[in-house]
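Okay, thanks for coming, everyone. Let me put the thing on the screen and then walk you through it.

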Amino acid sequence: MGWLDRLRKVNRDRLEQIVVGYLFLLPDVLGLLVFIVGPMLMSVYISLSNWKLVGQPHFIGLANYEAIIEDPLFGDSLGRTILYTIGYVPTVYCLSLGLAVLLTRRSRSSGFFRTIYFMPVAMSLVIAGVIWRYMLEPGHGLVDILLGSVGLPTPEWAGNVQSSMVSVMMVAIWKNAGYFMIILLAGIQDVPSDFIEAAQVDGANRWQAFRYIVMPLLKPISFFVIVILTIGSLQTFDQIYVMTRGGPAYSTYTLLMYIYEKAFREWDFGYSAAMSVALFAMVFILTLIQVRYFRSADERQ
Amino acid sequence: MQKARSQMLGIGVYYVIAIVFAVIFAGPFIWMISSALKPASEIFANPPILISPNASLDNFSKVFEQAPFGQYMFNSFFVATTVTLAALLLHSMAGYALARLSFPGRQLIFVGILSTLMIPFYTILIPLALLVKQLGWINTYAALIVPAIPHAFGIFWLRQFFLGIPQDLEDAARIDGASRIGVFFRVALPLARPVLASLAVFFFLANWDAFLWPLVAANRPDMRMVQVGIQSFTGEHGNAWELIMAASVLAVLPTLALFFALQRFIIASVKMTGLKG
């Protein structure tokens, strides 16, 4: 083959790569632009306008944001969302880590228990919410009967201002612990067993081996799990919607409930969009802080 | 002797803790099924009745009489399957292009795609609803399917996979005269089967379980997806828990079946989406 032919062939291949490359990317890139990036920009625009269901949006600058800051319902919903996160994230992390440790040693029974603990992952949060609402029926639900039979107190669960938040939190913990257990379990089982054996030869007991060998190696995964849990809990919605609709007396009214109802019950798009952009900004900053924190904690070691 | 005893104790503690948690995690499933088979009079019986002597499938036929549950399930099945198939094909194409073809702007496009992962669904909910309304898609399958397809996550995972396939395999096919598109379909895609299976499970479950978007986009009774169907059924039947539990069994059955049939792939997909994230 002459050099001219070869050059032509190379050129043809380069052209083919360009054409096929763009062609292959076109549908997805177009989809992302139309259904994610475009709506995101649109959301920022809507948040700067006064737009109720009827009529056209008109630009009002930051007025929606100013109103949000003074809206006590926004502050309260945000507070409740943060409370939910503070309760939910550490509980799920500790529980799923504990379960992962419990099932670390591979055996027939640990495989069985792993399947059982992981089962709620196959159930949607909506159905989990429905089932738990049934089991937590105040007074005559299964949980109250069982608690009552051993003489324990029975709160009114989702029906009471004091315990409603714990109830909706419990459902999400129950549903998601198994998922994070699998992730942490995979991380623990990736720790080379000679590391642990070496530590034990040096006189470390099991707890010390876990604390000083496994936990540090698990840090990137723990970090990932905590960030994902935090992001997820700040947008909790499904089980609250089916269990309490934000009640009783707004006690489970989280920010996403407020955003949803403002837009699709009161049809106040501008205000709702402003809240959603504000929540996004807060989550973004929080995630950056978490990344910073974990990174600096990493460097200190 | 001492050691043997402490080892026995350890095993005992392990089983006690493991079984307590097994009851907590499996209990609601068992109670759901038990209640779905019970007559209404036994729903709140004290002491609770686990296996009713009057068990029957009556509640299920009542559910089908009182709500178009077959339609809900068909809608969910159709939407979740279509989204999954379309997403796998389009994301494979995009991932392959980003991993194995060279063209101007590739890196920029990749970073752009990844950055869409930061955008949470709730911030685009309102514009998306307005867009879908503008397109005349409210209460259509298009509204439920099309916006659910684009997903940077799937593109990312397939790109990572395609980066790892050996160059020799591609070269061999190219020497045999295959075009780039031919290499994609005949070499790359078949190699990606395990990743595709895990992603398929992920997409199917995510769409079967989806709630907020279907709630906004399609609430006409015949267009409801199953989660919205359960929610509205619960709202309409207040305290008929035996019917609500029967409906829940129906709604959870497909994912539970998938779970037991494909557990290996599900766990692989959790690890894949979790570990290297």
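This is a predicted model: local features need pLDDT of at least 70, side-chain atom pairs count only at pLDDT 80 or more; totals for chains, interfaces and linings use all residues.

One bit of housekeeping before the helices: the span to expect for a helix is 1.5 Å times one less than its number of residues. Helices here are DSSP runs of H or I with at least four residues, strands are runs of E with at least two, and both are numbered from the N terminus.

Residues count from 1 along each chain as its sequence is written, and chains are lettered from A and ligands numbered from 1 in the order written.

So, α10 of chain B, residues 193–208: its 16 residues reach 22 Å from first C-alpha to last, close to the 22 Å expected. Its buried residues (20 or more other C-beta atoms within 10 Å of their own, C-beta placed from the backbone) include Phe202(B), Phe203(B), Phe204(B) and Trp208(B).

Over to chain A, with 13 helices and two strands. Of its 301 residues, 40% count as buried. The C-alpha trace spans about 90 × 70 × 40 Å along its principal axes.

Now the contact, meaning C-beta atoms, again placed from the backbone, within 7 Å. Chain B puts in 68 residues and chain A 66. On the chain B side, helix α1 (residues 2–36) gives the most, eleven residues. By class, that side of chain B has 50 nonpolar residues (Ala, Val, Leu, Ile, Met, Phe, Trp, Tyr, Cys, Pro), four charged (Asp, Glu, Lys, Arg) and 14 polar, the class for the others, Gly among them.

Conventions: A residue is buried if 20 or more other C-beta atoms lie within 10 Å of its own, exposed if 12 or fewer, and partly exposed in between; C-beta atoms are placed from the backbone. Two residues are in contact if their C-beta atoms, placed from the backbone, lie within 7 Å.
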